[in-house]
Amino acid sequence: MAFLIMVILCILGIVMPKSRGASILILLYMWIFYGFSTYSGDYISYQYVYDSMRDGLLLFHFEPAFSLMMLFCSKLGLSFIGFKVVLSSVFTFMLAGIVKRYTNYTAFVLAMFLIFPFPYFASVLRAGIAGLIIVYGIGYLVSGSSKEIKIKYLLCVLAAVMFHTSSLFFLVFLLAGKEVNIKRILNILIVTSGVVIFYNFGLF
């Protein structure tokens, strides 16, 4: 049934690409799927960490912003599904704002996003939020190349890192529009890879 609804919504978004109503329906479907679905290879792990935080056995386990959201919701007495609903609300509001920022064909873009990468983003919770922040930040880079714009993009990357450390790799985009410097790119990749590896192995 869920798949059939998704197909219908995708067709609706293609047929009525600028429809506000179609956009709302697609976002509502995403909100429900993201918040209430147990479709995730990491679902049990996330639930275990969340329950451990709620019981006072863990304080921080994931990146700072994601851990703080978990801690806040657990202190409110929300179940793990309740936390996912809160996260889903943040995700869908962010997505709606980002799509509207880039195009008037909101229903069409949301329909394409629903096909992919939404199922993936709904599974890897941290990476999904981080990915949206990066996409928002890229909007600054395509609008120019001034120092102020690059600082804004850098702040977006840092915000995304607070949800998933792999977002550090997107620092490479700061080199866009410049003459390709292989050494500089390698240096950025080596540093970001080192940070991600050290963080994931708990060496920081």
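**Close-up 1. Glu 148 and Lys 152 in helix 9.** Both Glu 148 and Lys 152 belong to helix 9 (residues 147-161), where they stand four residues apart, about one turn of the helix; helices here are DSSP runs (H or I, at least four residues), numbered from the N terminus. This is a predicted model, in which local features need pLDDT of at least 70 and side-chain atom pairs count only at pLDDT 80 or more, while totals for chains, interfaces and linings use all residues. Residues are numbered from 1 along each chain as its sequence is written, and side-chain values use heavy atoms, with hydrogens and water left out. Glu 148 and Lys 152 form a salt bridge whose closest N and O atoms are 3.7 Å apart, the term being used for a side-chain nitrogen of Lys or Arg within 4 Å of a carboxyl oxygen of Asp or Glu. Glu 148 is exposed, at 53% relative accessible area, whereas Lys 152, at 34%, is partly exposed (buried means under 20% relative accessible area, exposed over 50%, and partly exposed in between, with a 1.4 Å probe and protein chains only).

**Close-up 2. Asp 51 and Arg 54 in helix 3.** A salt bridge joins the side chains of Asp 51 and Arg 54, with an N to O distance of 3.2 Å, and the two residues are three positions apart within helix 3, about one turn of the helix. Asp 51 is partly exposed at 22% relative accessibility, and Arg 54 is also partly exposed, at 37%.

**Close-up 3. Glu 63 and Arg 126.** The salt bridge between Glu 63 and Arg 126 has its closest N and O atoms 2.6 Å apart. Because Glu 63 lies in the loop between helix 3 and helix 4 (64-75) and Arg 126 in helix 8 (residues 125-141), the pair ties together parts that are 63 residues apart in sequence. Glu 63 is buried, with a relative accessible area of 1%, and Arg 126 is buried as well, with 16%.

**Close-up 4. The crossing of helix 3 and helix 5.** The axes of helix 3 (residues 43-54) and helix 5 (residues 80-102) come within 10 Å and cross at roughly 105 degrees; axes are lines fitted to C-alpha atoms, for helices over the stretch in contact, and angles run from 0 to 180 degrees between N-to-C directions. Helix 3 and helix 5 are therefore roughly perpendicular, a term that covers angles of 65 to 115 degrees. Tyr 43, Tyr 46, Gln 47 and Tyr 50 of helix 3 meet Phe 80, Ile 81, Phe 83 and Lys 84 of helix 5, contact meaning heavy atoms within 4.5 Å.

Note on methods. Angles under 35 degrees count as roughly parallel, over 145 as roughly antiparallel, 65 to 115 as roughly perpendicular and the rest as oblique.
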